[in-house]
Amino acid sequence: MIQNKLYEFMTRYTPQREWIEAHGMLLWISTFFVEIGAATFFVASIFNNMVAMLVGLLICGVLGGSLHVLELGRPLRMWRILFSSGLKTSWISRGMWSVSLFIGFGALYLGLAVTSVKIPALLIAANFFGFFSMIYLGFLLSYVNGIALWNSALMPILILSISIWGGLDILGLTSMVTGTVSDGAVFLSRIFPLIISFIVICYLVGIRYQGESGRLSFNEIVFKTGAKVFWIGFVLFGVVFPVVITLVHVFNGSMPGAIRGILPVFELGANLSLRYCILKWAIYEPIIPYENSTTQLI
Amino acid sequence: MRWGMLINLDKCISCYACVAKCKQEHFLPKDVLWAKILVSETGQEPSVKKQAYPVLCNHCEDAICVQVCPTGATRKNEDGIVSIDPDKCVGCRSCLVACPYQVRTYHRKREPFFGYQGLTDFERIGDKLYPLQTGTVVKCNFCMERVHGGIKQGLIPGVDVDATPACVITCPAKARYFGDLDDPTSEISVLIRKWNAAPLRPDFGTKPSVYYANL
């Protein structure tokens, strides 16, 4: 832990740093790739876009998986996460199994599909484990009872929904490149910012009234140090721009290709911003009585 | 059997002897402290109260760190001591993040106490006698080696010096007590009842084994 005065540590509301600062930033990036990769595979399988399924698999396995391993203090011992008793209670272990099985079944399905052999059971298995790959971070965070921002029943739903949001964006980008745009996917990706907004509002309002550390996290994200990341990174790029552009498209009838291409990029940036807010402004409650503790962060 | 500790805050003189002794006992490197002293200030002038709180791993009965560990490196022993197997730890830091008391430390890299001088003799001896692995999480183990070693010799932890955690025997004010929480006749159990001692933040629900009198 990074701290200035040892005797003050945890005497007041203390931000979580281990999973967002320095080496810990890899967790932020790796979970983003793992989840949107699995989500891309999932939504692409609904719209039968094999290229996007492959892209999702690669994002999840190559980018997410490798960064996930690099995030560990002892990467060469990664196998212990898979082959130990941790699976019974640990969401990291369950997540690692899910990601591994998702990649395995997904690769097998796509490999056979290339030879025109499509086995639905493999696709169902890949999406089943892909679902857990998308959601496990939510359960992992909601387990931490010392941090009100994470200790929320809405956390898994929020993580799952922003993962699917990111998956739709990757599907949109891939479809543009391959020229196989699906109307259903476009419609979903246009209404998703509104769905995400609703979930984020419910989540933040819930956090606001979940004790003093919840109120502090809410204030930091919405009004204080996190406001730029939240309002510009998430709200402006992830909600306002997409909604405005969609409305212009609806009333104007056409959307230039450049805007269609930049919109998913904006939304992916907003996705990352929201994840950053969730990890960065997670605040522990003090463990000893301290005067004015409600107004100060260490 | 469940080993536990009782700290009488009225007796603690905030001398940091426990912190220093713990550091010496386990040859802890720079930036790693298993025992800490937190200082709080409460009340308004002119009646401000300054209080020192010695903290260490609480060896919780329902330890979240044990539940979140993906490799089983963090485990709860039969005697209630929560320990880390450094050879199994992958350094994911989920235990560190999950601990509501934040008493774990990630041993990122080995840095000498006095960088320009290289390692001191103390550090070299420590590397041989008590090697801590970088890239893993470390924490207080209730001086498990002393407790278990003492029991093997027929000593009683909390009573005999050689079987009692270093911070307890070092405390010059005798503010710390160690013993079996499951034995209602042990000194620690009697004193917990007598002083109406309680753990820090019991609302976290982890059932800590470290109690504080006069909180």
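Which residues have the most contacts inside the largest nonpolar core? In this predicted model, they are Cys60(A), Leu149(A), Leu6(B), Cys65(B) and Ala98(B), and the core itself has 147 residues. Helix H1 of chain A gives the most to this core, contributing 11 residues. As general background, nonpolar side chains in soluble globular proteins tend to be buried together.

Leaving aside residues up to four places away in sequence, Leu6(B) touches Tyr177(B), Ile188(B), Leu191(B), Ile192(B), Ala197(B), Tyr211(B) and Ala213(B).

Attention can now turn to how H1(A) is packed. This helix, spanning residues 25–46, packs with helix H2 of chain A, residues 50–71, and the two axes are 7 Å apart. The angle of the pair is about 160°; since angles over 145 degrees count as roughly antiparallel, H1(A) and H2(A) are therefore described as roughly antiparallel to each other. Their crossing is left-handed. In the contact of H1(A) with H2(A), 18 residues are nonpolar, eight are polar and one is charged.

The two chains also meet each other. Here 35 residues of chain A are in contact with 37 residues of chain B. On the side of chain A that touches chain B, the elements giving two or more residues are helix H3 (79–82) and helix H4 (91–114) of chain A. The largest share, three residues, comes from H4(A). Sorted by class, this side of chain A holds 18 nonpolar, 12 polar and five charged residues.

Two backbone details in chain B may be of interest to anyone checking torsions. Most residues other than glycine have a negative phi. His59(B), however, has a phi near 45°, a positive value in a residue other than glycine. This histidine is found in the loop between strand E3 (49–55) and helix H2 (64–68) of chain B. Is His59(B) buried or exposed? His59(B) counts as buried, because 28 C-beta neighbours lie inside 10 Å, and the cut-off for a buried residue is 20 or more.

Lys174(B) likewise has a positive phi, near 55°, and is a residue other than glycine. The loop that holds Lys174(B) runs between helix H6 (166–170) and strand E8 (176–180) of chain B. With 10 other C-beta atoms within 10 Å, Lys174(B) is exposed, as the cut-off for that class is 12 or fewer.

Terms used:
Residues are numbered from 1 along each chain as its sequence is written. Chains are lettered from A and ligands numbered from 1 in the order in which they are written. This is a predicted model: local features need pLDDT of at least 70, side-chain atom pairs count only at pLDDT 80 or more; totals for chains, interfaces and linings use all residues. Axes are lines fitted to C-alpha atoms, for helices over the stretch in contact, and angles run from 0 to 180 degrees between N-to-C directions. Helices (H or I, at least four residues) and strands (E, at least two) are DSSP runs, numbered from the N terminus. Angles under 35 degrees count as roughly parallel, over 145 as roughly antiparallel, 65 to 115 as roughly perpendicular and the rest as oblique. A crossing is left-handed if the near helix is turned anticlockwise from the far one by less than a right angle, and right-handed if clockwise. Ala, Val, Leu, Ile, Met, Phe, Trp, Tyr, Cys and Pro count as nonpolar, Asp, Glu, Lys and Arg as charged, and the others, Gly among them, as polar. A nonpolar core is a set of buried Ala, Val, Leu, Ile, Met, Phe, Trp, Tyr and Cys residues joined through C-beta atoms within 7 Å. Two residues are in contact if their C-beta atoms, placed from the backbone, lie within 7 Å.
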